[in-house]
Amino acid sequence: MVEDMTKLTSVIDEYIGDRGLVVVKAFEGSGGKQVYIDTPKNILKKDLPPFPLLLQTFIDSSGGIADLAPGLHDLRVYALGGKIIGGALRQPKEGSLYSNTNLGGNIKLLEEDDIPQAAKDMTIKIDSKLKKYRRFYSADFMCANNKWYLIELNSKPGLCAKYQGSVGIRFQKELAAYMVSMADDPLKN
């Protein structure tokens with residue numbers, strides 16, 4: 001996280017230089033709005049959202065995920081009360097780096113068995129740190145050169161709908177049951 005333009009410039013100069021791409025995101029937001037992917041030089045010229053901002057080096061996921069995704073992607077894993085309930089493979093439209101559906105990306109819902117084990121293992125490890133909280137979130141990952149990277153956690157993940165098939169229906173039922181269980185016992189995790 002960077003708090004001002006001076007810090008952003010300093011971090012880019014010290015750690016990134018003028019090679020490759022960087023990702024700058026608004027601290028709060030959704031749907032790919034206020035996300036910029038560009039060279040460091042061009043990022044510093046943009047009319048950026050208000051600080052603080054999140055700064056990430058660009059991860060080239062163009063190699064895809066074996067047996068799941070050819071090319072650029074991100075993989076969202078949905079976790080509910082300590083349980084993985086499904087996932088979503090998101091891929092940008094041709095010529096874009098943005099996988100968000102409202103920016104033209106495509107989405108394919110995944111059953112838990114279709115999610116690569118490495119992403120499930122990372123999600124379980126993350127969830128072990130959150131056990132004392134009621135929780136419904138998603139973890140977004142990318143895979144590059146067979147190495148997995150956590151991109152972000154989403155406290156307000158997109159919801160799956162019934163029209164998206166069996167995964168969407170099960171997702172809605174599990175979320176509703178979890179919410180009812182919390183209403184029955186407000187102190188229950």
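# A guided reading of the predicted model

Ala139 is found in strand E7, where strands (E, at least two residues) and helices (H or I, at least four) are DSSP runs numbered from the N terminus. This residue is buried, with a relative accessible area of 0%. Buried here means under 20% relative accessible area, exposed means over 50%, and partly exposed lies in between (1.4 Å probe, protein chains only). Leaving aside neighbours within four places in sequence, Ala139 is in contact with Leu75, Arg76, Val77, Thr123, Ile126, Leu150, Glu152 and Leu153; contact means heavy atoms within 4.5 Å. Between the C-alpha atoms of Ala139 and Asp127, which are 12 residues apart along the chain, the separation is 9.8 Å.

The structure is a predicted model, in which local features need pLDDT of at least 70 and side-chain atom pairs count only at pLDDT 80 or more, while totals for chains, interfaces and linings use all residues. Residues are numbered from 1 along each chain as its sequence is written, and side-chain values use heavy atoms, with hydrogens and water left out.

The overall architecture may now be considered. The protein chain has 4 helices and 8 strands, and from the N terminus on its elements run α-β-β-α-β-β-β-β-α-β-β-α. The radius of gyration of the protein chain is 18 Å, close to the 16 Å that the globule rule gives for 189 residues, so the chain is as compact as a globular protein of that length. This radius is taken over C-alpha atoms, and the globule rule is 2.2 Å times the number of residues to the power 0.38. Taken along the principal axes, the box filled by the C-alpha atoms is roughly 50 × 40 × 25 Å.

Of the 189 residues of the protein chain, 42% count as buried. Among contacts between residues at least 6 apart in sequence, 52% join residues at least 24 apart. The chain exposes about 11,000 Å², of which carbon and sulfur atoms supply 52%; accessible areas come from the Shrake-Rupley method with a 1.4 Å probe, and for residues only the protein chains shown count as cover.

The interior comes next. A nonpolar core is a set of buried Ala, Val, Leu, Ile, Met, Phe, Trp, Tyr and Cys residues joined through side-chain atoms within 4.5 Å. The largest such core has 17 residues, and those with the most contacts inside it are Ile65, Leu75, Val77, Ile115, Ala119, Phe141 and Trp148. Two or more residues are given to this core by each of strand E4 (74-80), strand E5 (83-91), helix H3 (117-128) and strand E7 (136-144). The largest share, 4 residues, comes from E7. Not counting residues up to four places away in sequence, Ile65 touches His73, Leu75, Leu89, Pro116, Cys143 and Trp148. A second, separate core of 11 residues includes Val2, Val11, Val22 and Leu53.

Another buried residue is Val23, at 8% relative accessibility, and its place is in strand E1. Not counting residues up to four places away in sequence, Val23 touches Val35, Tyr36, Ile37, Leu54, Leu55, Gln56 and Phe58. The C-alpha atoms of Val23 and Asp113, 90 residues apart along the chain, are separated by 31 Å.

Most residues other than glycine have a negative phi, and most peptide bonds are trans. A cis peptide bond, with omega of about 5°, joins Phe51 and Pro52. Pro52 is found in the loop between helix H2 (40-43) and strand E3 (53-57). Gln34, although not a glycine, has a positive phi of about 60°. The loop that holds Gln34 lies between strand E1 (22-26) and strand E2 (35-38), and this residue is partly exposed, with a relative accessible area of 39%. Asn146, a residue other than glycine, likewise has a positive phi, near 60°. Asn146 has its place in the loop between E7 and strand E8 (147-154), and is exposed, with a relative accessible area of 74%.
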